[in-house]
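Reader: I want to know what stands behind the labels in this model. Can you take me through them one by one?

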Amino acid sequence: MRLAELSERSGVSTATIKYYLREGLLQPGRRVSATQAEYGEDHLRRLRLVRALIQIGGVPVAAAREVIAAAEDESLDHYLRLGAATRALPCPEEPAEDDPAVETARRSVEALLEQLGWSSGPGLDMLNPAHRRLIDSVAALARLGYPCDTAHLLPYGQLAVQLAVTDLDMVEEQPTPTGQIEAAVALTVLYEPVLLSLRRMAHAEEAARRF
């Protein structure tokens, strides 16, 4: 397809597509003349991923470029490419080590991971930004005096296990490894708001039932 058709099918303007090409977010098309190129289904799928990251997920262009680079790194095996792509999504900075609440949170999280049978140990927060975010969030609970011990966190972890199975089942529906990696990133960005919305709606239903 030509640029105009790619724009129409993706819902992304031609000017934005040209910007994504300049920024390396979209791979170049096949040149058919000095001024024209053809694009295929791979370009359409990539555009949808970039749109999910930037326009819907609010991911900065530089961070989106890192996500895509990780997804395309063929020096890694499939599992590592999946992890590298999702880890490249923006996360908070490392929690302050001199904050007592952070140490409390770290102990709770380490105990939680042990009960769930997940990877744990020193340095994990450096390898997995989601681990840093979890510690930071639990530390915020501790500072304000809300329950955040392992017993209170465990039901959330058990629900996350079930959600992970559902998520990876959806990822495996994609027929190619690259498609699976792109789906993992897009679904991470797009389904987190779905989960938040459903949780708040469930709160309203449960509150109506109880009160």
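Author: Start with the word pocket. A pocket is an open set of grid points with protein on both sides within 12 Å along at least five of seven lines. Its volume is the space filled by probe spheres set on the points. On that basis, about 320 Å³ of space lies in the second largest pocket. The model is predicted.

Reader: What makes a residue part of the lining of the second largest pocket, and which are closest to its centre?

Author: A lining residue has an atom within 4 Å of a point. For the second largest pocket, 16 residues line it, and R45, R48, E182, A183 and A186 are the closest to its centre. Helices α3 (41-56) and α10 each give two or more residues. By class, the lining has eight nonpolar, three polar and five charged residues.

Reader: What is the volume of the largest pocket, and how many residues line it?

Author: The volume is about 2900 Å³. The lining counts 50 residues, with W118, A130, R133, A160 and E192 nearest the centre. Helix α9 supplies the largest share, 12 residues. Other helices that supply at least two residues include α5 (78-87), α6 (100-116) and α8 (129-143). The lining splits into 34 nonpolar, 11 polar and five charged residues.

Reader: Why do E182 and R46 count as a salt bridge?

Author: The cut-off is 4 Å between a side-chain nitrogen of Lys or Arg and a carboxyl oxygen of Asp or Glu. E182 and R46 meet at 3.4 Å, N to O. That is within the cut-off, so the pair counts as a salt bridge. E182 lies in helix α10 and R46 in helix α3, so the bridge ties together parts 136 residues apart in sequence. Both residues are buried. Salt bridges that share partners also join D42, R45, R46 and E182 into one network.

Reader: How many salt bridges does the structure hold?

Author: The structure holds 10 salt bridges. One of them pairs R9 with E41, the closest N and O atoms being 3.0 Å apart. R9 sits in helix α1 (residues 3-10) and E41 in helix α3, 32 residues apart.

Reader: Why are R9 and E41 called partly exposed?

Author: Buried means under 20% relative accessible area, and exposed means over 50%. R9 has 37%, so R9 falls in between. E41 has 46%, so E41 is partly exposed too.

Reader: Which side chain meets E23 in a salt bridge?

Author: That of R65, at 2.6 Å, N to O. E23 is in the loop between α2 (14-22) and β1 (30-31), while R65 is in helix α4 (residues 61-71), 42 residues away. E23 has a relative accessible area of 27%, so it counts as partly exposed. R65, at 33%, is partly exposed as well.

Reader: What makes I56 exposed?

Author: Its relative accessibility is 56%. The cut-off is over 50%, so I56 counts as exposed. I56 lies in helix α3.

Notes. Residues are numbered from 1 along each chain as its sequence is written. This is a predicted model: local features need pLDDT of at least 70, side-chain atom pairs count only at pLDDT 80 or more; totals for chains, interfaces and linings use all residues. Side-chain values use heavy atoms; hydrogens and water are left out. On a 1 Å grid over the protein atoms alone, a cavity is a set of points where a 1.4 Å probe fits but cannot get out, and a pocket is an open set with protein on both sides within 12 Å along at least five of seven lines; lining residues have an atom within 4 Å of a point. Helices (H or I, at least four residues) and strands (E, at least two) are DSSP runs, numbered from the N terminus. Ala, Val, Leu, Ile, Met, Phe, Trp, Tyr, Cys and Pro count as nonpolar, Asp, Glu, Lys and Arg as charged, and the others, Gly among them, as polar. Buried means under 20% relative accessible area, exposed over 50%, partly exposed in between (1.4 Å probe, protein chains only).
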